[in-house]
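These are my notebook entries on one structure.

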Amino acid sequence: MATPADKRKIVRPTVTLVVIAAVLTVGLVTFANLTRDRIARNQEVWIKQHLDALVAPQSYDNDPLTDTTEVTAPDQLGTAAPVTAYRMRKNGLPVAVAIRSIAPDGYRGPLELLVAIAPGGQLIGVQVIRHNETPGLGDAFENRDAGWLDKFRGLSLTKPPQQRWTVRRDGGDFDAFTGATITPRAIVKAVRRTLEFYQGNEDRLYQDGNPR
């Protein structure tokens with residue numbers, strides 16, 4: 001039969017283990033929260049840099065990182081998942097919407113775009129913010145043909161006419177990259193479809209709630 005002293009010997013290590021486990025749990029939770037917050041801040045900085053590269057920060061006075069809406073249109077935005085639209089305003093009036101649409105048919109898989117559009121449907125600019133394209137070939141928009149995306153500025157669904165919104169090889173107005181046609185074709189199509197979505201949802205994009 002265990003004596004009181006024996007019981008104390010058993011209890012003390014058990015209590016110590018419980019305390020250690022509790023401290024470790026609290027530490028892991030705290031570390032996870034700090035890491036998650038840091039990742040979220042880095043993501044905000046990352047997307048804000050892309051937004052600023054498309055739309056001059058002095059042209060709006062709201063915070064587009066908080067003035068957002070989630071939009072869903074698989075056929076036009078390239079994914080069944082909701083995508084984020086960042087809204088920019090000046091004195092409460094619309095300045096631009098930047099939509100994170102998807103070009104699903106890139107050569108090496110989907111490309112995520114940031115398409116900035118002014119009221120009325122004119123393109124302010126386009127950026128590719130995520131991709132898996134082949135270095136030196138399909139990613140020419142980042143290096144060899146770094147000015148290629150700039151050609152979208154000022155365009156709309158009527159400039160050029162909608163049927164010419166494709167690469168020259170397909171009878172359109174857009175140059176392809178040397179040795180690469182699939183990726184530019186995918187980007188042009190995705191930008192056009194994003195403009196089509198904007199055209200059908202312009203008013204609702206600037207309102208609270210999610211356009212469908």
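Entry 1, terms and conventions. I counted as a polar contact a pair of N or O atoms within 3.5 Å; within protein, one must be able to donate a hydrogen and the other to accept it, and residues adjacent in sequence count only if both atoms are side-chain atoms. The model is predicted, so local features need pLDDT of at least 70 and side-chain atom pairs count only at pLDDT 80 or more, whereas totals for chains, interfaces and linings use all residues. Residues are numbered from 1 along each chain as its sequence is written, and side-chain values use heavy atoms, with hydrogens and water left out.

I located serine 101 in the loop between strand E3 (93–99) and strand E4 (102–103); helices (H or I, at least four residues) and strands (E, at least two) are DSSP runs, numbered from the N terminus. Serine 101 is buried, with a relative accessible area of 1%; buried means under 20%, exposed over 50%, and partly exposed in between (1.4 Å probe, protein chains only). I found a polar contact of 2.9 Å between the side chains of serine 101 and threonine 194. I then listed contacts, meaning heavy atoms within 4.5 Å. Not counting residues up to four places away in sequence, serine 101 touches Leu77, Leu111, Glu112, Leu113, Val115 and Thr194.

I asked how many of the residues of strand E5 (residues 111–118) are buried. Eight of the eight are, so E5 is largely enclosed by the rest of the structure. In a regular strand the side chains alternate between the two faces of the sheet. In E5, Leu111, Leu113, Val115 and Ile117 lie on one side and Glu112, Leu114, Ala116 and Ala118 on the other, and all are buried.

I next traced the pairing, for which DSSP must find at least two bridges between two strands. E3 and E5 run antiparallel and are joined by three bridges, with valine 97 opposite isoleucine 117. E4 and E5 are also antiparallel, with two bridges; alanine 103 has leucine 111 as its bridge partner. E5 pairs with E6 in the antiparallel sense over seven bridges, and isoleucine 117 stands opposite leucine 123 in E6. Three residues separate E5 and E6 in a hairpin, where glycine 120 in the turn has a positive phi of about 100°.

I searched the whole structure and found 12 salt bridges, each a side-chain nitrogen of Lys or Arg within 4 Å of a carboxyl oxygen of Asp or Glu. Arginine 185 and aspartate 170 form one of them, with the closest N and O atoms 2.7 Å apart. Arginine 185 lies in helix H3 (residues 182–205) and aspartate 170 in the loop between strand E6 (122–130) and H3, so the pair ties together parts that are 15 residues apart in sequence. Both are partly exposed, arginine 185 at 30% and aspartate 170 at 39%.

Arginine 192 and glutamate 196 meet in another salt bridge at 2.8 Å, N to O. They are four residues apart in H3, about one helical turn. Arginine 192 is buried at 17%, as is glutamate 196 at 18%.

I placed glutamine 162 in the loop between E6 and H3, where it is partly exposed at 37%. Its side chain makes a polar contact of 2.5 Å with the side chain of glutamate 196. Leaving aside neighbours within four places in sequence, glutamine 162 is in contact with Leu157, Arg192 and Glu196.
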